[in-house]
Amino acid sequence: MAETATNPETIVMTDPEWIALESINEETRRFIFGEAMLRLLQGRGLAEPGDELWKVTPQGQQALESRSH
């Protein structure tokens with residue numbers, strides 16, 4: 001049986017997804033990815049809309065940390 005995506009070690013991100021999530025985490029004002037990427041990350045529970053900028057969720061932060069190790 002497959003593990004759920006709530007375990008950060010099981011989250012597999014493509015390079016563009018990882019770059020986009022890292023850009024959101026750094027509060028990049030000039031986001032090079034489109035709305036589709038934001039919605040994809042939101043659907044995976046990795047990012048969510050904020051007041052003015054998108055923000056990384058706790059699950060997204062764990063995924064970033066686990067990938068950087």
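Analyst: Let us start with accessibility: a residue is buried under 20% relative accessible area, exposed over 50%, and partly exposed in between (1.4 Å probe, protein chains only). This is a predicted model, in which local features need pLDDT of at least 70 and side-chain atom pairs count only at pLDDT 80 or more, while totals for chains, interfaces and linings use all residues. Residues are numbered from 1 along each chain as its sequence is written, and side-chain values use heavy atoms, with hydrogens and water left out.

User: What makes Arg39 and Glu35 a salt bridge?

Analyst: A salt bridge requires a side-chain nitrogen of Lys or Arg within 4 Å of a carboxyl oxygen of Asp or Glu. The closest N and O atoms of Arg39 and Glu35 are 2.9 Å apart, so the pair meets the rule. Both residues lie in helix α2, four residues apart, about one turn of the helix. Helices (H or I, at least four residues) and strands (E, at least two) are DSSP runs, numbered from the N terminus. Glu35, at 44% relative accessibility, is partly exposed.

User: How many salt bridges does this rule give, and what are the others?

Analyst: The count comes to three. Glu17 and Arg44 form one of them, with their closest N and O atoms 3.0 Å apart. Because Glu17 lies in helix α1 and Arg44 in the loop between α2 and β1, this pair ties together parts that are 27 residues apart in sequence. Glu17 is buried, with a relative accessible area of 9%, whereas Arg44 is partly exposed at 30%. Glu48 and Lys55 also meet in a salt bridge, at 3.7 Å from N to O. Glu48 has a relative accessible area of 32% and is partly exposed; Lys55, with 42%, is partly exposed too.

User: Why is Ser23 called buried?

Analyst: Its relative accessible area is 15%, which is under the 20% cut-off, so Ser23 is buried. Ser23 is found in helix α1. Leaving aside neighbours within four places in sequence, Ser23 is in contact (heavy atoms within 4.5 Å) with Thr28 and Phe31.

User: How do you know that the buried residues of α1 line one face of the helix?

Analyst: Helix α1 spans residues 15-25, and its buried residues are Glu17, Ala20, Leu21, Ser23 and Ile24. Seen down the axis of α1, these residues fall within an arc of 155 degrees, so they line one face. The arc is that of the directions from the helix axis to the C-beta atoms. What covers these residues includes α2 (35-43), β1 (47-49), β2 (54-56) and α3 (58-68).

User: Why is the aromatic pair of Phe31 and Phe33 called tilted?

Analyst: Rings of Phe, Tyr and Trp (its six-membered ring) pair if their centres lie within 6.5 Å; planes under 30 degrees apart count as stacked, over 60 as edge-to-face and the rest as tilted. The centres of Phe31 and Phe33 are 5.5 Å apart and their planes stand at 55 degrees, so the two form a tilted pair. By this rule the count comes to one aromatic pair. Phe31 is partly exposed, at 24% relative accessibility.
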